[in-house]
Amino acid sequence: MNKWIGIILLIFAAAQGFGQIRLDKLEIKARQAYTIEESDVLVVDTLIMRDSSRIVLNKEKSENIINVKVLIVNRGAQIIGNGANGEAGKVGANGVRQNAPCRVGGNAAEGATGGNGTSGLNLSLYVNQLIITGSLTINLNGGNGGTGGRGGRGGDGGGGTRVCRGGNGGAGGNGGAGGNGGNGGNLDMRCTQCQDLHLIQGHQLIINNYGGFAGVGANGGTGGLAGLGPNQDGKNGEKGLPGANGVAGKQGIIRFEKK
């Protein structure tokens, strides 16, 4: 029985270690970037981040873990895990313009809804010893919602004749709604040998995990022009309605722990 328990524990330990990036030392040179790929766990004995260096988290994983024994940070270093901005919605197609006499112009299509911003990544940062000679910015902001697409323009009505009035202009398309902003990511940071993280937050340790801005709804398209006639003109088409604004993302949570 004990033999089988030992085998199970070995298999579990191997599974836990599988997929980790394990390094004795990682030095990211000035203005260079290190991207975490094919894993969501980075374990380093000594991590040195030179001026304006960056760690880019694995955006294929919603949760990333960085475990470091000694973290040395110079000026302007960054850990980046922000969400992507939503794409702008496409403009609605214009209505058909009538060349035939007395015909009504075509109604335009509404604009497309803007894309939603994606959420910022969640990061667990575990450090034994933290040495900051400059500043470290952790960016887990949510992406902004995309702007809605403008409504198409209504088609113009055909001209009138002696036997029929001019055609009415087509209605403009409604504007597309704005996309929602992504939520900010959560940060769990634990440091055993460092000063109070609350005291250095905002100048040496800068954490951005705000929700993304709401996308703005687009304007409706203008109505088509009325066809003119010798006896009676048509009517201009109505303008499309504006699209609603999206919803802003929520700010993430910051948790500090010292053990």
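**Exercise 1.** Is aspartate 51 buried, partly exposed or exposed?

*Solution.* Keep in mind that this is a predicted model. Start with the number: aspartate 51 has a relative accessible area of 23%. Now bring in the cut-offs: buried means under 20% and exposed means over 50%. Aspartate 51 is therefore partly exposed.

**Exercise 2.** Work out which parts of the chain the salt bridge of aspartate 51 ties together.

*Solution.* First find the partner: aspartate 51 meets the side chain of arginine 75, at 3.2 Å from N to O. Aspartate 51 sits in the loop between strand E3 (41-49) and strand E4 (54-56), and arginine 75 in the loop between strand E5 (63-73) and E6, so the bridge ties together parts 24 residues apart in sequence.

**Exercise 3.** Find the handedness of the disulfide between cysteine 102 and cysteine 164.

*Solution.* Begin with the sulfur atoms of cysteine 102 and cysteine 164, which lie 1.6 Å apart. Then look at the torsion about the S-S bond: it's about 45 degrees, so this disulfide is right-handed. As for what gets linked, cysteine 102 is in the loop between strand E6 (77-80) and strand E7 (122-132), while cysteine 164 is in the loop between strand E8 (136-139) and strand E9 (187-193), 62 residues apart.

**Exercise 4.** Describe the disulfide between cysteine 191 and cysteine 194.

*Solution.* Take the distance: the sulfur atoms of cysteine 191 and cysteine 194 are 2.4 Å apart. Then take accessibility: both cysteine 191 and cysteine 194 are buried. Finally, the pairing pattern along the chain is 1-2, 3-4, counting bonded cysteines.

Technical notes:
Residues are numbered from 1 along each chain as its sequence is written. This is a predicted model: local features need pLDDT of at least 70, side-chain atom pairs count only at pLDDT 80 or more; totals for chains, interfaces and linings use all residues. Side-chain values use heavy atoms; hydrogens and water are left out. A disulfide is a pair of cysteine sulfur atoms within 2.5 Å. Helices (H or I, at least four residues) and strands (E, at least two) are DSSP runs, numbered from the N terminus. Buried means under 20% relative accessible area, exposed over 50%, partly exposed in between (1.4 Å probe, protein chains only). A salt bridge is a side-chain nitrogen of Lys or Arg within 4 Å of a carboxyl oxygen of Asp or Glu.
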